[in-house]
Amino acid sequence: EFQKFAYNGYTYKNLNLDLKLKDNRWFSQVLLKDKNADFMLNASATMNKYVPSNISMTAFIHHLHLKNLHLTNHFSDDALSAKLNVKLKGLSLDSPSGTVEVNDFLLCHEDSFGIDHLQIDAEPSENGTLVSMHSDFGNFTYDGPLSIEKIRNGFERIGGEYVGRDSKNIDRLSCKLRVRLINTKFIPALIRVPLEFPTGFMVEGGMNSDEKQLLLTFSSDSVVYGENVLLRRPALIFKTKEGKLTSLVQGIRKFGKSQIAFALSASAKDSLVKSALRWDDSKQDKHYGEILADLKWERDNRLSLFVHPTDFAINDTTWHVYSGRVLFNHPSIKIDDFYVGRENQWLKIGGGFSNSPKDSLLVELKDIDVNYILNLFDIKPVKFNGMATGVATVRKAKSDSIDINGVLAIPNFHFNDALLGDANIHINWNSSNGRICFDNTI
């Protein structure tokens, strides 16, 4: 019996520990009655030369406040409770075998969620480990290695064949995956990101590094991010076909009164990645276009991006994308005059960006709608209108943040639909605090 003990900066109180060993079988009971940790754990295992096997555990967790216990900051002031049953043949992490069962799981916070039942089974397989999960929110099966490093190496072995990178010394890998989630309310609570899938989603795929085969698909009826982003029928396809590594991301997003269908596709072969972004609102035919670009791996891990000339339309107005080139040589970026324009309106970007504050990108604008610019900063409470002409610079600040400074002239400047007059505005934005500052003369 321990009146108190300290771990990771927290002092636990009222711990009772009971240990027994009989005929190579180890039995234990842990009972903790602390204001931030109240649970009982019963465990047993067969000991053979100090190696445990045939492990059995049952836990009744009445409440755990993980942040208060200094175990994690991820869950804030949340408390969890659950019943846990575990049966394992051993403690091998490379090829585990056994069952984990969770019942009556509850995470209490602003938007509490619970799981009535979840069971995970694992057993060795030819590809590594066969893992299956069955629960009231969805099902999951995976057959392959459990090492993240091996899985990443498998992607590199396959991808390296198509982008010209050496992958001959990477071990072989074969795996299969299938995930079907029907209730995803727990996702925002766990990852602390306002990402929702109202009708669930499906992920399927597999990989065989020896045969250079890869297939990964994602599909859902809709995806919601925060209050402003809704994607209908989003899909992702990543596969090898006809000697190429191809990918496709597509969906439908609402912009104002328009429903914009978009598709981003790419294919890789012989160190060259060809990509295309296309979009249109087929019903109104006011917003449509495409951007085509080639990404090539150069020597010394340098990348070059070439943008092809194309056209796109915004509110029936056609804009031209002129050819341009971007060079990536980590951590620096160089842009050779990326240019978008129409008649007497244009946007030009050129210069360099690196860890040095001396390098900067220069952005030049001529009669560009200021509302488009400020939408990039997601400013919702206020509304600005007018056609901006001026320049802005983008550089790395000393605090390792990104700093944007601009001077814009805006005739007939409107604020919340009220005409204020001709404006000269100095704009500053820094990524460290996400704030945008205006210094206006009207």
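Tyr322 counts as partly exposed because its relative accessibility is 36%; buried means under 20% relative accessible area, exposed over 50%, and partly exposed in between, with a 1.4 Å probe and protein chains only. This is a predicted model, in which local features need pLDDT of at least 70 and side-chain atom pairs count only at pLDDT 80 or more, while totals for chains, interfaces and linings use all residues. Residues are numbered from 1 along each chain as its sequence is written, and side-chain values use heavy atoms, with hydrogens and water left out.

Now the rings. The whole structure holds 7 aromatic pairs. Rings of Phe, Tyr and Trp (its six-membered ring) pair if their centres lie within 6.5 Å; planes under 30 degrees apart count as stacked, over 60 as edge-to-face and the rest as tilted. One of the pairs is Phe201 with Phe218, which is tilted because the planes stand at 40 degrees, with the centres 5.6 Å apart. Phe201 is in strand β13 (residues 201-208) and Phe218 in strand β14 (residues 213-219), 17 residues apart. Strands here are DSSP runs (E, at least two residues), numbered from the N terminus. Phe201 has a relative accessible area of 12%, so this residue is buried.

Tyr322 and Tyr339 form a stacked pair, at 4.6 Å centre to centre and 15 degrees between the planes. Tyr322 sits in the loop between β23 (317-321) and β24 (324-329) and Tyr339 in strand β25 (residues 332-342), so the pair ties together parts 17 residues apart in sequence. Tyr339 is partly exposed, with a relative accessible area of 25%. Phe5, Tyr10 and Tyr12 are linked by ring pairs into a cluster.

Next, strand pairing, which requires that DSSP finds at least two bridges between two strands. Strand β30 (residues 402-415) pairs with strand β31 (residues 418-430) in the antiparallel sense over 11 bridges. His414 has Leu419 in β31 as its bridge partner. The hairpin of β30 and β31 has 2 residues between the strands, and Asn416 takes a positive phi near 50 degrees there. β31 also pairs with strand β32 (residues 436-441), antiparallel, over 6 bridges, and His426 stands opposite Asp439 in β32.

Last, what surrounds Gly386? Gly386 lies in the loop between β28 (384-385) and β29 (387-396), and counts as buried because its relative accessibility is 12%. Not counting residues up to four places away in sequence, Gly386 touches Ile368, Asp369, Val370, Ile410 and Asn412, where contact means heavy atoms within 4.5 Å.

Note on methods. Helices (H or I, at least four residues) and strands (E, at least two) are DSSP runs, numbered from the N terminus.
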